[in-house]
Amino acid sequence: MDTTITITAYGPKAKKAVSAAFAEMRRVADLMNANDPASEVAYINQNAGIKPVKVSPETFELLKLSLHYSQLSVGAFDVTVRPLVELWGIGKKDNYVPSKEEIQQALKLVDYRKLVLNDQEQSVFLPVKGMGIDLGGAAKGYAADRARAVLQEYGVNSALVDAGGNIWTVGVRPDGEKWRIGIRHPRPEMGSKILAVLPAQDLTLVTSGDYERYFVKDDVRYHHIFDPRTGWPAQGVISATIVGTNGAEADILSTTVFVLGPKKGLALAAESGITKAIVVTPDLQVFTAGRDLPEMEFVNGEKEGKNQ
Ligand code: ADP
Ligand code: MG
């Protein structure tokens, strides 16, 4: 999944549980990584314009959830964003800014409304050659959910899963206190590495930021979260965090809110019943939605603009 994953666990079966949780995350990555030609997602993409592909129940369910949020956000999140991801190749190609024509060509192939999910057959069909699924905005959250489930199957009730921006807190720390999770400040060069600290128990935190994968060319920052309506890296948000109890959903929503912006994004997140959403805009304003979390501390005393 192109990130470093750390799992901390306590209890008599912790060691076995951690190995099993890593194996489970590897299994999910092998199913869903579009860059791996042997994955189910790659197989769907190879068969675009050719035939529907039957997939495992979990890939099917995650695609259903991704399509749901593609619809709800009217394509700000778009699970068929693959052609744009390949064109820009952020982190892969060498600081490449595509031409307007190339972007227009890629955008013709990005359209969640054309994705056909057949419940009866558990099959997936992309009707146009060149279309592609990309679960990069969802699979890490799902994998973290699975890791948490495996840890619990082993009886672990004190653990922390940290998968590069996707966190799961299982129970409390061995000292009985809640886990203290720092949300990264999107611009640490401004002084603070941490934006806020949230004491958490049985919660997942997912952050999408423009600082994860990016390059700077002529003073413009190009990053890996695209606005499928323009074909360019999304503007207007530099960090979006979702706190909740479903990692797959939180992952999808972090990307969705990033693209939709503070106003529409936070409204959509709040309607989805998440615990909390925190957005930082380029002028370093912080906006939140969701429940009051009195224990959450903003490190620099940032002012929380509430729901705009
Ligand atoms: P990270 O991968 O850093 O955790 P995200 O969860 O926000 O960040 O996911 C970003 C990934 O999602 C991109 O690398 C790409 O694979 C995919 N993606 C980018 N833009 C969109 C979009 N508008 N809709 C759906 N998926 C997207
Ligand atoms: Mg995401």
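Mentor: Glu24 counts as buried because its relative accessibility is 10%, where buried means under 20% relative accessible area, exposed over 50% and partly exposed in between, with a 1.4 Å probe and protein chains only. This is a predicted model, in which local features need pLDDT of at least 70 and side-chain atom pairs count only at pLDDT 80 or more, while totals for chains, interfaces and linings use all residues. Residues are numbered from 1 along each chain as its sequence is written, chains are lettered from A and ligands numbered from 1 in the order in which they are written, and side-chain values use heavy atoms, with hydrogens and water left out.

Glu24 sits in helix α1; helices (H or I, at least four residues) and strands (E, at least two) are DSSP runs numbered from the N terminus. Not counting residues up to four places away in sequence, Glu24 touches Arg146 and Val150, contact being heavy atoms within 4.5 Å.

Next, the nonpolar core. A nonpolar core is a set of buried Ala, Val, Leu, Ile, Met, Phe, Trp, Tyr and Cys residues joined through side-chain atoms within 4.5 Å. The largest one has 69 residues, and Met32, Ile133, Leu135 and Leu151 touch the most other members. Helix α1 (residues 14-32) gives the most to this core, with nine residues. The core also draws at least three residues from each of domain 1 (35-125) and domain 2 (178-298), the bounds coming from an automatic or database domain assignment. In soluble globular proteins, nonpolar side chains tend to be buried together.

Met32 has contacts beyond its neighbours within four places in sequence: Ser39, Val41, Glu58, Thr59, Leu62, Leu135, Ala139 and Tyr142.

Ligand 1 has 19 residues around it, of which Asp134, Lys140, Ser208, His224 and Phe226 come nearest; a residue is near if one of its heavy atoms lies within 4 Å. A polar backbone atom of Gly137 is 3.1 Å from an oxygen atom of ligand 1. The protein covers 95% of the 560 Å² of accessible area that ligand 1 has on its own, by the Shrake-Rupley method with a 1.4 Å probe.

Conventions: Polar contact = N/O pair within 3.5 Å; in protein donor to acceptor, adjacent residues only side chain to side chain.
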